[in-house]
Amino acid sequence: MIADASGRAIAFRIAPGQAHELPYAIPLLEQLPGVPMWVVGDRGYTSHGFREHIWSMGARPAIPPQRHEAPVACPEWIYTHRNQVERLWARLKEWRAVATRYEKTAISFTGVLCLAATLDWIKR
């Protein structure tokens, strides 16, 4: 999921349960209306290729390295805003159908997620 600085959903994709979300991150970044100043992500999105893609689009990555990797520049003052996405997920999971993934198909679940995100966008 991609959220703006106000914590509103911009775009999301559903990954299969057994797959990692990193391959879906680049297509999500391409759905942005413009070039962001920063792309903030947690350690799960640590990848040299992903960081290079962020730099190539004109943004700056704020993604800390894995504990066993060499340190990279990740400003703490911008990384603290990662909680915007976490709080967005918490608001969306107030919907029981989102929290339990009640819908069986990915298309149906995407519809429920779109509805929840739209109503969250209207409230904020």
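In the predicted model, R101 is situated in the loop that links α5 (96-99) to α6, and with a relative accessible area of 36% this residue is partly exposed, since that value falls between the limits of 20% for buried and 50% for exposed residues. The phi angle of R101 is near 45°, a positive value in a residue other than glycine; most residues other than glycine have a negative phi. When neighbours within four places in sequence are left aside, the contacts of R101 are with I14, R96, A106 and F109. The C-alpha atoms of R101 and V112, eleven residues apart in sequence, are separated by 9.2 Å in space.

On the side of α4 the contact is formed by L88, W89, R91 and L92, and on the side of α6 by L113, A116, A117 and D120. By residue class, six of the residues in the contact of α4 with α6 are nonpolar and two are charged, while no polar residue takes part.

Helix α1 (residues 22-30) and helix α2 (residues 48-56) pack at an angle of about 5°, and their axes lie 10 Å apart. This angle makes α1 roughly parallel to α2, as angles under 35 degrees are counted in that way. The residues L22, A25, I26, L29 and E30 of α1 meet F50, H53 and I54 of α2, and the contact of α1 with α2 divides into six nonpolar residues, one polar residue and one charged residue.

The largest nonpolar core comprises eleven residues, namely I2, A11, A25, L28, L29, L32, V39, F50, I54, A59 and I63. The elements contributing two or more residues to this core are α1 and α2, and the largest share, three residues, is that of α1. For I2, a member of this core, the contacts beyond neighbours within four places in sequence are with R8, A9, I10, A11, L28, L29 and L32.

The loop between β2 (9-11) and α1 contains R13, which is partly exposed with a relative accessible area of 41%. Not counting residues up to four places away in sequence, R13 touches Y24, P27, L28 and Q31, and among these L28 is also a member of the largest nonpolar core. R13 and I2 are eleven residues apart in sequence, and the distance between their C-alpha atoms is 9.3 Å.

Technical notes: Residues are numbered from 1 along each chain as its sequence is written. This is a predicted model: local features need pLDDT of at least 70, side-chain atom pairs count only at pLDDT 80 or more; totals for chains, interfaces and linings use all residues. Side-chain values use heavy atoms; hydrogens and water are left out. Contact means heavy atoms within 4.5 Å. Helices (H or I, at least four residues) and strands (E, at least two) are DSSP runs, numbered from the N terminus. Ala, Val, Leu, Ile, Met, Phe, Trp, Tyr, Cys and Pro count as nonpolar, Asp, Glu, Lys and Arg as charged, and the others, Gly among them, as polar. Buried means under 20% relative accessible area, exposed over 50%, partly exposed in between (1.4 Å probe, protein chains only). Axes are lines fitted to C-alpha atoms, for helices over the stretch in contact, and angles run from 0 to 180 degrees between N-to-C directions. Angles under 35 degrees count as roughly parallel, over 145 as roughly antiparallel, 65 to 115 as roughly perpendicular and the rest as oblique. A nonpolar core is a set of buried Ala, Val, Leu, Ile, Met, Phe, Trp, Tyr and Cys residues joined through side-chain atoms within 4.5 Å.
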